[in-house]
Amino acid sequence: MEARSSSVLIFFFMFLAISSAFPKHKDKYKPCKHLVLFFHDIIYNGKNAANATSAIVAAPQGSNLTILAPNFHFGNIAVFDDPITLDNNLHSKPVGRAQGMYMYDTKNTFTAWLGFSFYLNSTDYQGTINFIGADPILIKYREISVVGGTGDFFMHRGVATIDTDSYEGEVYFRLKVDIKFYECW
């Protein structure tokens, strides 16, 4: 009897291992929620304190905190508190704030590392969405991870495709953020 129950257990675990290796649901990768938002960043340059939404808080030795460093801005770290809008107009009514930081982390090309949250407070959405990842700025469409959220986005995870929709020199840029959630609670 013991040999038979051992055989049944072995067969059960083999079946379990094989069945979990081949998932049945290919449509598992369809987004459960989709948002497109824009955030507008105006970096402080020493002359625009009233309108600035971001500032350099660390720079390489010898650099100042009002001008981005030469050589791909390597070593600059900026924090931001940017308005989020539903369209690409900076003067549209904000639906929330993008708050976080980016740091330029490569010496031979324009690349940044991002860590930020969208704080949404509108009639449609309440809560936060948290993002993290590398941003190879010169590539048209880049993807960063959506690692969680709160409120309407509690425990959501997914991918955000970001696109530098517009920029004006080194003072202003606008990012289009196309968010696809693949885990929604």
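Reply: Let us begin with the aromatic rings. This is a predicted model, and in it ring pairs link F39, F80, Y102, Y104, F116, F118, F131 and F173 into a cluster.

Me: How many aromatic pairs does the structure hold?

Reply: The structure holds twelve aromatic pairs. A pair of aromatic rings is described by two quantities, the distance of the centres and the angle of the planes. For F39 and F116, the centres lie 5.5 Å apart with 50° between the planes, and the pair is classed as tilted. This pair links distant parts of the chain, with F39 in strand 1 and F116 in strand 5, 77 residues apart.

Me: Is F39 buried or exposed, and is F116 buried or exposed?

Reply: F39 has a relative accessible area of 3% and is therefore buried. F116 is buried as well, at 5%. Buried here means under 20% relative accessible area.

Me: What geometry do the rings of F80 and Y102 have?

Reply: Their centres are 5.7 Å apart and their planes stand at 35°, so the pair is tilted. The angle decides the class: planes under 30 degrees apart would count as stacked, and over 60 as edge-to-face. The pair of F80 and Y102 also links distant parts of the chain, from strand 3 (residues 77–85) to strand 4 across 22 residues. Both F80 and Y102 are buried.

Me: Which ring does the charged end of K140 sit over?

Reply: The charged end of K140 sits over the ring of Y141, 5.5 Å from the ring centre.

Me: Let us turn to the strands. How many residues of strand 5 are buried?

Reply: The general idea is that side chains in a regular strand alternate between the two faces of the sheet. In strand 5, eight of the eleven residues are buried, so this strand is largely enclosed by the rest of the structure.

Me: How should I read the pockets, and what volume has the largest one?

Reply: Rolling a probe the size of a water molecule over the atoms shows where empty space is left. The largest pocket holds about 550 Å³ of space. It is lined by 24 residues, of which Y104, I137, T164, Y167 and F173 are the closest to its centre. The lining comprises 17 nonpolar, three polar and four charged residues.

Me: Which strands each supply at least two residues of that lining?

Reply: They are strand 1 (33–42), strand 4 (96–104), strand 5 (111–121), strand 8 (157–168) and strand 9 (172–183). Two residues named among the closest to the pocket centre, Y104 and F173, also belong to the aromatic cluster.

Me: What volume has the second largest pocket, and which residues line it?

Reply: The second largest pocket has a volume of about 160 Å³. Its lining includes L37, L86, P94, L120 and Y125. By class, the lining divides into six nonpolar, three polar and two charged residues.

How values were computed:
Residues are numbered from 1 along each chain as its sequence is written. This is a predicted model: local features need pLDDT of at least 70, side-chain atom pairs count only at pLDDT 80 or more; totals for chains, interfaces and linings use all residues. Side-chain values use heavy atoms; hydrogens and water are left out. On a 1 Å grid over the protein atoms alone, a cavity is a set of points where a 1.4 Å probe fits but cannot get out, and a pocket is an open set with protein on both sides within 12 Å along at least five of seven lines; lining residues have an atom within 4 Å of a point. Grid points are joined across faces, edges and corners, and a volume is the space filled by probe spheres set on the points. Helices (H or I, at least four residues) and strands (E, at least two) are DSSP runs, numbered from the N terminus. Ala, Val, Leu, Ile, Met, Phe, Trp, Tyr, Cys and Pro count as nonpolar, Asp, Glu, Lys and Arg as charged, and the others, Gly among them, as polar. Rings of Phe, Tyr and Trp (its six-membered ring) pair if their centres lie within 6.5 Å; planes under 30 degrees apart count as stacked, over 60 as edge-to-face and the rest as tilted. Buried means under 20% relative accessible area, exposed over 50%, partly exposed in between (1.4 Å probe, protein chains only). A charge sits over a ring if NZ of Lys or CZ of Arg is within 6 Å of the ring centre and within 35 degrees of the ring normal.
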